[in-house]
Amino acid sequence: MPTLHPRLASVFDELVRRNPGEVEFHQAAREVLESLGPVVVTHPQYAEAEIIRRICEPERQIIFRVPWVDDSGQVQLNRGFRVEFNSALGPYKGGLRFHPSVYLGTIKFLGFEQIFKNSLSGMPIGGGKGGADFDPKGRSDAEVMRFCQSFMTELYRHIGEYTDVPAGDIGVGGRELGYLFGQYKRITNRYESGVLTGKGLTWGGSQVRTEATGYGTVYFAQEMLKARDRALEGSTAVISGSGNVAIYAAEKVYDLGGTVVAMSDSSGYIVDPTGVDIHLVKEIKERRRGRISEYTDERGSGARFIRGGSVWDVPCDLALPCATQNELSAKAAASLIGNGVLAVVEGANMPCTPDAVRAFQEAGVAFGPGKAANAGGVATSALEMQQNASRDSWNFAYTEERLHVIMRDIHERCATTAEEYGAPGNYVVGANISGFTKVADAMLAFGVI
Ligand code: NDP
């Protein structure tokens, strides 16, 4: 593990002490702090004003009870969270995750990442994240609705278009956002479109928001490849996950002339050497809420389903981890490197373990960190807020072009900052320093608050 500048080491020690057991939060914070060594030297004012310590402490953390009644009349109980991490650049902004593994440490890691991602996006939004340890899998629509209504019955008092603007994440898509927005509207008696993003197109949503994270990740990958005189066209891609981010990443890979040869879900992965049929994946995962294993029965051809195992054993030019945190280990990295991968670009948040990232960097594989590569989702959420504020709605082509420009700008910002701080080609350093300094400057301007 790289050593930290002494000033940053004491911040990290304090963070671990104050947030015991929250290992994902420790991991995310450590990665940022490892990049900030040169900044402490060139900008002593940040350390003097304790900006780095303050940025590591959320402005507000809300934990609440979410009781609801299942279809058999049984009372169920979950725990809800909203961590309002940093509002230096705008209202707290970040998604809601519904997954049984969610605990405070998950939400804090995601909220922390979100501060720098949102800053990098160039949009006026702060960082936050929320969710619950609720598992929507296997639940009826009516159960999901009752859960969402109960969740919002507490959350509504903490959010607002100028305060905190949630969106979707794992387990929270269009259906859940509909129930959440409906309950917010009912309780407050206000049609406050800008309070949530990822809304349906007929009730204040933006074109391209559904596609934005996946499309943006692939646009970012395209810029990374271009910087190395390589092209996405003609390349093969492996994508983990088959949810929102994975599906639209796959769609954009095809748009740009590549082929997706494997995708996965938490039960296993499919390999389709002739190219994964993304329409079939959409039908299974989006419309039927089914399992990726159903793909092979319907596709025929040479497609195979492998239960368990690692999707990263499938050879490819481009690896796009789009499922969940720490899904790509050092062992998986070694397999990808051995098979000649050119670039690894994170569609998910923190999907690569720190030793996997080091392995890619040491092997000269281009590595795009999630806080830069997947920022297209939140950036398009900010475009949704912009449309809501002006009571306007833009068409698909215009909105997608805005996203494309934003992703090119983020790539440029990361590349230039990395070079400026003596680490050319290191997008981790570029993203962390560029994201951090903008927030830090705003915090300095506000004084000690
Ligand atoms: P979805 O719920 O739509 O899809 C998640 C996918 O990942 C599913 O295929 C799921 O498989 C798989 N998955 C989830 N948890 C695990 C696990 N523990 N092990 C293996 N596979 C798992 O979520 P999204 O596509 O929205 O999010 C994916 C990632 O992208 C997350 O890291 C999220 O934070 C990040 N992200 C999302 C954004 C968005 O706009 N949605 C924006 C920026 C980042 P299964 O169905 O079997 O559970």
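Predicted model: local features only at pLDDT ≥ 70, side-chain atom pairs only at ≥ 80, totals over all residues.

**Cores, rings and domains**

The largest nonpolar core comprises 56 residues, and those with the most contacts inside it are Phe220, Ile239, Met263, Leu320, Val345 and Ile410. Helix α9, residues 209-227, gives the most to this core, contributing 8 residues. At least three residues of the core come from domain 2 (60-190), and at least three from domain 3 (210-373).

Let us take Ile239 as an example. Leaving aside residues up to four places away in sequence, Ile239 touches Ala246, Ala249, Ala250, Val260, Ala262, Met263, Ser264, Val311, Leu320 and Cys322. There is also a second, separate core, of 41 residues, which includes Leu8, Val32, Val39 and Leu104.

I turn now to the aromatic residues. How many aromatic pairs are there? The count comes to 19 aromatic pairs. One of them is formed by Phe98 and Phe151, in an edge-to-face arrangement with 5.2 Å from centre to centre and 75° between the planes. This pair links distant parts of the chain: Phe98 belongs to strand β3 (residues 92-98) and Phe151 to helix α7 (residues 141-155), 53 residues apart. Both Phe98 and Phe151 are buried.

A stacked pair is formed by Phe181 and Trp203, with centres 5.6 Å apart and 25° between the planes. Phe181 lies in helix α8 (residues 174-188) and Trp203 in the loop between α8 and α9, so this pair ties together parts that are 22 residues apart in sequence. Are the two partners buried or partly exposed? Phe181 has a relative accessible area of 3% and is therefore buried.

Phe64 counts as buried because its relative accessibility is 6%, under the 20% limit. Along the chain Phe64 and Phe151 are 87 residues apart, while their C-alpha atoms are separated by 8.6 Å. Residues up to four places away in sequence again left out, Phe64 touches Asn78, Arg79, Gly80, Phe81, Arg82, Phe151, Glu154 and Leu155.

Two rings carry a charged group over the face. Arg30 lies over the face of Phe12, 5.1 Å from the ring centre. In the other case, the charged end of Lys252 sits over the ring of Tyr215, at 4.4 Å from its centre.

Finally, the domains. The domain assignment gives domain 1 (6-55), domain 2 (60-190) and domain 3 (210-373). Taken over C-alpha atoms, the centres of domain 2 and domain 3 are 27 Å apart. Their contact takes 13 residues from domain 2 and 11 residues from domain 3. What area do domain 2 and domain 3 bury between them? The value is about 980 Å², 49% of it on carbon and sulfur atoms. On the side of domain 2, Phe109, Glu113 and Lys117 supply 45% of the area buried against domain 3, more than any other three residues.

Thank you for your attention.

Note on methods
Residues numbered from 1 in each chain as written. Heavy atoms only, no water. Core = buried A, V, L, I, M, F, W, Y, C linked by side-chain atoms within 4.5 Å. Buried < 20%, exposed > 50% of the residue type's maximum accessible area, 1.4 Å probe, protein only. Helix = DSSP H or I, 4+ residues; strand = E, 2+ residues; numbered from the N terminus. Domains from an automatic or database assignment. Contact = heavy atoms within 4.5 Å. Phe/Tyr/Trp six-rings, centres within 6.5 Å; stacked < 30°, edge-to-face > 60°. Lys NZ or Arg CZ within 6 Å of the ring centre and 35° of its normal. Buried area = accessible area lost by both parts, 1.4 Å probe.
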